[in-house]
Amino acid sequence: MSGLVVTLLVVFAVAGLLRWWRPTWYWLTFGATFAALRVLVRYSSVMDACRLTVPPSRWRMALARFANRPISQPRVPRLLRLRPTRTGLVLRLKLCPGQDAFDVAAATDRLRHSFVMYRVMSQEVRSGVVELRMTGYDVLKRVQMPSKVDRASMRVPVALREDGSVHYRDYRAVPHALTIGATESGKSVYLRNLVAELAKLDVALAGIDCKQGVELFPLARRFSALADNSDTAADLLDALVSRMGGVYQLIRAEQRIAADVPDAEIAADIWDLPDDLRPTPVVVVVDEVAELALVASKDEEKRRDRCVTALVRLSQLGRAAGIYLEICGQRFGSELGKGITMLRAQLTGRTAHRVNDESSANMAFGDIAPDAALAAIHIPPDRPGVAIAGDSTGGWSRIRAPHISLRQVVNVCNRYAHLTPDLPELAPFRPALPHSAKAPAPAVETAPTTV
Ligand SMILES: Nc1ncnc2c1ncn2[C@@H]1O[C@H](COP(=O)(O)OP(=O)(O)OP(=O)(O)O)[C@@H](O)[C@H]1O
Ligand SMILES: [Mg+2]
């Protein structure tokens with residue numbers, strides 16, 4: 001008997017420890033089973049209490065009256081599937097006649113309390129079928145990315161969404177993106193995650209870091225071009241525009257528009273070209289973009305106009321030439337001058353970390369998802385890294401990138417330094433390194449001391 005008590009105590013202690021230290025492990029070992037049982041046992045009564053039932057159909061009532069039987073119970077949405085995931089449960093419901101997806105969306109908070117889950121979100125899968133995505137714990141508290149993520153060319157995992165799914169940055173689907181946030185809100189950590197993932201791909205990275213290069217220069221080994229002040233940035237952007245021109249010439253030369261070539265083989269962007277001819281795609285990372293647009297004298301105005309014009313041209317024409325923009329800043333509004341709103345309109349991907357006022361949030365979401373702007377203001381200051389990610393379809397979700405230190409991302413960049421391509425147009429901006437950037441493939445696990 002005492003053996004059983006000791007075993008139970010040990011199990012409880014292990015469960016409590018896991019719950020605090022490794023919530024994902026706790027969920028996979030204990031939580032998912034308890035939660036699934038709770039949902040299955042309480043399903044009908046919870047649906048009834050959450051007002052997600054409809055009265056029985058007329059023919060059932062008529063049949064009951066005819067047979068002199070008690071009138072049957074209200075109908076609940078049919079549970080089509082219950083799937084445990086790494087962070088919660090996914091339920092698929094078949095709605096009853098007369099119900100719609102808004103009924104379920106309106107009841108998500110009641111369902112959350114009734115099923116004792118951390119968060120419940122609903123999404124219409126197809127007509128009459130709704131998916132409830134439930135998380136068993138706060139997945140954004142200590143972000144742990146799943147070990148297996150779905151990678152593809154130019155699609156990298158960067159953060160975790162509050163429903164437990166992975167948030168990807170897909171450059172082929174959303175070529176250019178804007179990330180804003182107040183100071184200390186987590187923009188640079190988000191960029192680090194992005195660079196650490198992009199470093200593993202066959203892409204060229206170009207960086208503009210007007211904070212004297214403190215964020216990007218330590219990652220120099222994996223960057224084909226870097227600028228740490230506005231003047232160099234203007235030259236670098238011009239070089240990227242001229243590279244874009246060269247790539248378009250190549251696409252035209254290889255377009256193969258002859259009548260006997262099938263439609264699918266006509267090249268209109270770099271991805272239509274054969275592998276051996278395809279130019280390396282370039283991701284341009286700009287941290288603290290406002291520095292490029294601020295001026296103190298007449299001379300600086302010329303430089304500012306060059307920068308903004310080049311960015312607008314890259315954002316309008318860069319996609320087909322494989323040039324993608326990743327722009328970060330604290331604010332990005334019309335007060336930064338001519339051309340900024342035109343540039344912003346081209347940045348389809350929007351991410352807002354904590355912002356201090358509504359007008360800053362509106363710079364990211366005012367024109368696509370006003371409720372997302374409100375959510376960005378409500379991010380608490382003690383949760384740096386939490387952000388609202390939206391897209392041009394009007395959908396948005398709360399995300400958080402895993403915390404990654406500068407040291408860790410330097411190590412990743414050094415390990416993949418052999419993938420850094422030498423692009424002739426960007427050669428003058430190749431950061432000076434203590435050793436050759438084409439360093440041997442074995443990992444160099446230290447940051448460059450001087451750059
Ligand atoms: N995803 C995250 N998880 C945990 N902590 C984070 C996360 N992102 C940022 N932080 C913390 O917040 C601090 C500020 O982050 P970061 O430097 O990225 O802010 P920022 O928005 O770039 O600020 P600034 O505008 O001043 O450059 C970091 O030192 C880090 O400790
Ligand atoms: Mg920063």
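Strands here are DSSP runs of E with at least two residues, helices are runs of H or I with at least four residues, and both are numbered from the N terminus. Two strands pair if DSSP finds at least two bridges between them. In general, strands of a sheet pair through backbone hydrogen bonds, either parallel or antiparallel.

Which residues stand opposite each other in the sheet? Strands β1 and β2 run antiparallel and are joined by 6 bridges, and a hairpin of 3 residues links β1 to β2. Leu-79 stands opposite Leu-93 in β2, and Leu-93 in turn has Val-130 in β4 as a bridge partner. Strand β2 (residues 88-94) pairs with strand β4 (residues 129-135) over 7 bridges in the antiparallel sense. Val-90 stands opposite Arg-133 in β4.

## The chain as a whole

The secondary structure of the chain comprises 13 helices and 14 strands. Taken along the principal axes, the C-alpha atoms fill a box of roughly 90 × 65 × 50 Å. The chain is divided into domain 1 (2-135) and domain 2 (155-429), with bounds that come from an automatic or database domain assignment. The C-alpha centres of domain 1 and domain 2 are 41 Å apart.

Of the 451 residues of the chain, 38% count as buried. A residue is buried if 20 or more other C-beta atoms lie within 10 Å of its own, exposed if 12 or fewer, and partly exposed in between, with C-beta atoms placed from the backbone. Among contacts between residues at least 6 apart in sequence, 63% join residues at least 24 apart; two residues are in contact if their C-beta atoms, placed from the backbone, lie within 7 Å.

## The surroundings of ligand 1

What surrounds ligand 1? The shell holds 14 residues, and the closest are Gly-186, Ser-188, Val-189, Pro-384 and Gly-385. A residue is near a molecule or strand if its C-beta atom, placed from the backbone, lies within 6 Å of it. Helix α6 (residues 187-198) supplies the largest share of the shell, 3 residues.

By class, the shell around ligand 1 has 3 nonpolar, 8 polar and 3 charged residues. In this scheme, Ala, Val, Leu, Ile, Met, Phe, Trp, Tyr, Cys and Pro count as nonpolar, Asp, Glu, Lys and Arg as charged, and the others, Gly among them, as polar.

Helix α11 (residues 358-365) has the buried residues Ser-360, Ala-361, Met-363, Ala-364 and Phe-365. Among the elements that cover these buried residues of α11 are β7, β12 (349-353), α12 (370-377) and β13 (386-390).

Ala-310 is found in helix α9 (residues 298-317). Ala-310 counts as buried because it has 22 C-beta neighbours inside 10 Å. Apart from neighbours within four places in sequence, Ala-310 is in contact with Leu-237, Asp-238 and Val-241. Ala-310 and Cys-328 are 18 residues apart along the chain, and their C-alpha atoms are separated by 17 Å.

## Two loop residues with positive phi

Arg-51 is not a glycine, although its phi is positive, at about 55°. Arg-51 lies in the loop between α2 (23-49) and α3 (58-66). Is Arg-51 buried or exposed? Arg-51 is exposed, because 12 other C-beta atoms lie within 10 Å.

Glu-184, also a residue other than glycine, has a positive phi near 65°. Glu-184 is found in the loop between β7 (177-180) and α6. With 11 other C-beta atoms within 10 Å, Glu-184 is exposed.

## Numbering and confidence

Residues are numbered from 1 along each chain as its sequence is written, while chains are lettered from A and ligands numbered from 1 in the order in which they are written. As the model is predicted, local features need pLDDT of at least 70 and side-chain atom pairs count only at pLDDT 80 or more, whereas totals for chains, interfaces and linings use all residues.
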